[in-house]
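Me: I am new to this structure and would like to learn how to read it. Please take me through it one feature at a time.

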Amino acid sequence: MSQSVSYAPAAATSSEARPVIPAQGNGRRLLQRLSALQQEVAEIVEEAVESGSHTNGPRVQSLEEAFRAYLQVADAIAVNSGSSALRAACELLHLPPGTEVIVPSYTFVMTAYAVNDAFAIDPQSGALAKGGLIPVFVDIDPQTYTIDPACVRAALSERTGAIIAVHMLGQMADMRPLLDLADERGLFVIEDAAQAHGATYSDPRTQHIYPAGSMGDCGCFSLSDVKNIGSMGGDAGLLTLTTRLGSRLPSLASEARAWRNTGRLGRQRYEHQTWGIRARMDEYSAAECLAQLRYLDSWVARRRQIAARYNAALAGTSFTPPYVAPGRGHAFFNYMVKAPTLEARHLLESRLRAASIQVADTYSVVPDQPLYRQGLLPCRLVASEQAREIARLLVAIPCYPELSEDEVARIEEVLSHCP
Ligand SMILES: Cc1ncc(COP(=O)(O)O)c(C=O)c1O
């Protein structure tokens, strides 16, 4: 699967003004792929004219199969965003009204909004109920910044139906205790792998190394343009189904494919046998993601190399580099350093900006967002203290394979002068 390709710009000479280092590398990725894309787009348009469709075509099917094989999962279903994949997972599990879904307080807001957005399904009548699923916010582990399994256990109630394990910043959550808990209590585990393409987890139980999106019942990937691989046109996503779903797998897979396509199970265009929305992936996005999947492993390896250099540059400073838990392969969607104080955070951010290095915004604490804080969206808050502390102190450092050696050195230089 792994190939290498260099997207780094030529190094600037020392006499030139220092060009800005962007916070994300997706713009460069697009520029480098433009000529290859032109040919691909021309072919897709030609096929679309013949078939009358730009969506769910042969490239979407190839992407689904390539992802399925890469992750070694039972099925992979392409959708139009990571948010759709999360909503699909919540709906397809047929959770009854009033079900609580445990989510970490530190994540992108769509992990929780997807829970509020999904229909619950009455197990007796099959009736759909909007607003029937309730996110329950739990705290994160202060070292890995991923959901804390002990806090999940403390948050369980009679109404708990599922846990969403978010692989935050590119590091997988501690899946083994979560899966054990789920097995013990009959819960589903949904992996939010939106940030974790290429991340891995070595399971202490089976001694096997699993890629993100292959351990829970379902995995949800974002394939938006800024992700480790993603659609240059904007938004795309993918839902995985694993063998944990057992005999329900075939019916859930066909339900998921109907769900993304207005609830059509058969070929009849205006026959909608089941519930669905418009969430198809287009052929252009599928072609883009398919081309990039071949490079994923080598790009993640490059992210890890750059991260190791930043770690070394930070040695002896008061800033904390990302902690990688034993047995976990971090995909470094983000490289975030923890400042010792808010003042130190602002100091580093201003030094980065002064050196023409863009500083990306960092994630907020989801239960602190207005709709939850003001009680306008249903939720239950269990804990968010660690999340709040982390959100206050993290600084995002550009870390992507499209960085040149010269740019990595410029960033190292700033990091090494941290107090
Ligand atoms: C953790 C997490 N979950 C869900 C999403 C939603 O994915 P999308 O933006 O493709 O809808 C994102 C997007 O960045 C994310 O970071």
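## Reading the model

Reply: Thr-262 is placed in the loop that runs between helix H7 (249-259) and helix H8 (283-293). This residue has a positive phi of about 60°, although it is not a glycine. Keep in mind throughout that the model is predicted.

Me: Which other residue has a positive phi although it is not a glycine?

Reply: Tyr-145, with a phi of about 70°. Its place is in the loop between strand S5 (133-138) and helix H5 (149-155).

Me: Is Tyr-145 buried or exposed?

Reply: The general idea is a cut-off: buried means under 20% relative accessible area, and exposed means over 50%. Tyr-145 has a relative accessible area of 5%, so it is buried.

Me: How far is Tyr-145 from Gln-386, C-alpha to C-alpha?

Reply: Tyr-145 and Gln-386 are 241 residues apart along the chain, and their C-alpha atoms are separated by 8.5 Å. Gln-386 is in helix H12 (residues 385-393). Its relative accessible area is 32%, so Gln-386 is partly exposed.

Me: What do the two values look like for His-54 and Gln-305?

Reply: These residues are 251 apart along the chain, with 38 Å between their C-alpha atoms. His-54 belongs to the loop between helix H1 (26-51) and helix H2 (58-71). It counts as partly exposed because its relative accessibility is 36%.

Me: Where is Ala-212, and what can be read from its place?

Reply: Ala-212 lies in the loop between strand S9 (209-211) and strand S10 (218-222). With 2% relative accessibility, Ala-212 counts as buried. From Ala-212 to Tyr-70 there are 142 residues along the chain and 11 Å between C-alpha atoms.

Me: Now side chains. What does the side chain of His-330 reach?

Reply: For a contact of this kind, read which atoms are paired and the distance between them. A polar atom of the His-330 side chain lies 2.9 Å from the backbone nitrogen of Phe-332. The backbone oxygen of Gly-170 lies 3.5 Å from a polar atom of that side chain. His-330 is found in the loop between strand S12 (328-329) and strand S13 (335-338). It is buried because its relative accessible area is 5%.

Me: Which backbone oxygen does the side chain of Arg-345 reach?

Reply: The side chain of Arg-345 reaches the backbone oxygen of Arg-392, at 2.8 Å. Arg-345 is in helix H10 (residues 342-354). At 13% relative accessibility, Arg-345 is counted as buried.

Me: Let us turn to the ligand. Where does the ligand sit?

Reply: The ligand sits in the second largest pocket.

Me: How many residues are around the ligand, and which come nearest?

Reply: There are 13 residues around the ligand, and those that come nearest are Gly-82, Ser-83, Asp-192, Ser-222 and Lys-227. By type, the shell divides into four nonpolar, seven polar and two charged residues.

Me: Which helix gives the most to this shell?

Reply: Helix H3 (residues 82-92) gives the most, with three residues.

Me: Which polar side-chain atoms lie by atoms of the ligand?

Reply: Read the pairs in turn, with the ligand atom named each time. A polar side-chain atom of Ser-83 is 2.5 Å from an oxygen atom of the ligand. An N or O atom in the side chain of Asp-192 is 2.7 Å from a nitrogen atom of the ligand. For Gln-195, a polar side-chain atom lies 2.9 Å from an oxygen atom of the ligand.

Me: How much of the accessible area of the ligand does the protein cover?

Reply: On its own, the ligand has 390 Å² of accessible area, and the protein covers 90% of it.

Key: Residues are numbered from 1 along each chain as its sequence is written. This is a predicted model: local features need pLDDT of at least 70, side-chain atom pairs count only at pLDDT 80 or more; totals for chains, interfaces and linings use all residues. Side-chain values use heavy atoms; hydrogens and water are left out. A residue is near a molecule or strand if one of its heavy atoms lies within 4 Å of it. A polar contact is a pair of N or O atoms within 3.5 Å; within protein, one must be able to donate a hydrogen and the other to accept it, and residues adjacent in sequence count only if both atoms are side-chain atoms. Accessible areas come from the Shrake-Rupley method with a 1.4 Å probe; for residues, only the protein chains shown count as cover. On a 1 Å grid over the protein atoms alone, a cavity is a set of points where a 1.4 Å probe fits but cannot get out, and a pocket is an open set with protein on both sides within 12 Å along at least five of seven lines; lining residues have an atom within 4 Å of a point. A molecule sits in a cavity or pocket if more than half of its atoms lie within 2 Å of its grid points. Helices (H or I, at least four residues) and strands (E, at least two) are DSSP runs, numbered from the N terminus. Ala, Val, Leu, Ile, Met, Phe, Trp, Tyr, Cys and Pro count as nonpolar, Asp, Glu, Lys and Arg as charged, and the others, Gly among them, as polar. Buried means under 20% relative accessible area, exposed over 50%, partly exposed in between (1.4 Å probe, protein chains only).
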